[in-house]
Amino acid sequence: MLLSPPRSKFRIYLDSTLFNDPIPAGQNGAATTTTANLNFILKSMQVTQEFYQNRLQVYQTASITAPATCVDFSPGALTVATADIIIFVRYNTDASLSYGATGKSCQYFPGTATVGSPDATLQVGRPTVGRIIFNTYQLVDQESSLTNRLFQSLTSTALHETMHILGFDSTLFSTYLDPATGAPYIDPGTSNVYTSGPKVTGTVNANRPATSLLVTPYVLAWAKSFFNCPTAVGMPLEN
């Protein structure tokens with residue numbers, strides 16, 4: 001029997017060249033961010049890079065080339081020979097935008113897995129390029145100082161948006177593999193990948209809205225074990 005080669009460290013290449021450009025005036029007359037604010041945001045992204053690189057292993061690839069268009073911008077010609085994914089880190093400063101950050105993948109390994117079995121290197125469909133945009137106005141420009149608590153919040157945001165790039169995105173549910181068949185779910189809907197959780201009632205959580213729950217077999221088994229809760233029905237998904 002042929003054994004698969006061991007997986008290696010997941011290598012994330014951050015392209016933050018925009019952070020080195022002159023800082024533009026704030027859009028819509030909003031605040032203009034500072035170099036210190038940008039460095040603060042970028043540091044949280046570098047912590048996020050190390051967090052995932054030290055916890056995830058993959059079958060490494062020879063190189064990654066960025067596409068001509070990544071979601072909503074043109075990254076330009078870029079090929080990285082020592083990466084398994086490229087993440088473009090960008091920012092804007094706009095009071096009219098309600099979000100603090102947004103993360104989205106834009107390129108994946110091509111191909112189709114054999115029906116009944118995933119590809120040998122588990123690469124088909126795996127994200128290879130993505131982008132994160134931080135809105136400095138919503139995240140740091142209104143703060144009086146750059147505190148440890150703010151850094152913790154920024155890092156949580158960076159971790160969250162990177163997770164979207166890595167596959168926890170509703171637009172990618174159709175690529176999730178059914179462990180029973182090794183092929184993508186026929187119906188990646190509520191019965192297989194996620195379901196709508198009930199609104200939590202009671203005094204403490206009376207205002208907590210209904211949420212979506214990830215219910216794939218391995219995630220559900222992990223949740224039951226981790227929380228020692230055999231009646232758990234899934235793991236909550238944030239937007």
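**One residue, then its surroundings**

Tutor: Thr162 has a relative accessibility of 1% and therefore counts as buried, where buried means under 20% relative accessible area, exposed means over 50% and partly exposed lies in between, with a 1.4 Å probe and protein chains only. Keep in mind that this is a predicted model, in which local features need pLDDT of at least 70 and side-chain atom pairs count only at pLDDT 80 or more, while totals for chains, interfaces and linings use all residues. Residues are numbered from 1 along each chain as its sequence is written, and side-chain values use heavy atoms, with hydrogens and water left out.

Student: Where does Thr162 lie, and what does it touch?

Tutor: Thr162 lies in helix α3, with helices (H or I, at least four residues) and strands (E, at least two) taken as DSSP runs numbered from the N terminus. Leaving aside residues up to four places away in sequence, Thr162 touches Met45, Thr48, Tyr52, Ile87 and Ile132, a contact being heavy atoms within 4.5 Å.

Student: OK, and how do the axes of α1 and α3 cross?

Tutor: The axes of helix α1 (residues 35-53) and helix α3 (residues 148-166) come within 8 Å and cross at roughly 55°; axes here are lines fitted to C-alpha atoms, for helices over the stretch in contact, and angles run from 0 to 180 degrees between N-to-C directions. That angle makes α1 oblique to α3, because under 35 degrees counts as roughly parallel, over 145 as roughly antiparallel, 65 to 115 as roughly perpendicular and the rest as oblique.

Student: Which residues make that contact?

Tutor: On the α1 side they include Met45, Thr48 and Tyr52, and on the α3 side Leu159, Thr162 and Leu166 are among them. The residues of this contact divide into 13 nonpolar, four polar and one charged, where Ala, Val, Leu, Ile, Met, Phe, Trp, Tyr, Cys and Pro count as nonpolar, Asp, Glu, Lys and Arg as charged, and the others, Gly among them, as polar.

Student: Switching topic, how many salt bridges are there?

Tutor: The count comes to three salt bridges, a salt bridge being a side-chain nitrogen of Lys or Arg within 4 Å of a carboxyl oxygen of Asp or Glu. In one of them the side chains of Arg11 and Asp84 meet at 3.0 Å, N to O. Arg11 lies in the loop between β1 (8-9) and β2 (12-15) and Asp84 in the loop between β5 (79-80) and β6 (85-92), so this pair ties together parts that are 73 residues apart in sequence.

Student: Are Arg11 and Asp84 buried or exposed?

Tutor: Arg11 is buried, and Asp84 is buried as well.

Student: What about Asp72 and Arg131?

Tutor: Their side chains also meet in a salt bridge, at 3.0 Å, N to O, and the pair links Asp72, in the loop between β4 (64-65) and β5, with Arg131 in strand β8 (residues 127-135), 59 residues apart. Asp72 is partly exposed at 47% relative accessibility, whereas Arg131 is buried, with a relative accessible area of 5%.

Student: And which residue does Asp169 pair with?

Tutor: Asp169 forms a salt bridge with Lys104 at 3.1 Å, N to O. Asp169 is buried, with a relative accessible area of 7%, while Lys104 is partly exposed, with 27%.

Student: Last one, how much of the whole chain counts as buried?

Tutor: Of its 239 residues, 41% count as buried, and the chain has four helices and 11 strands.
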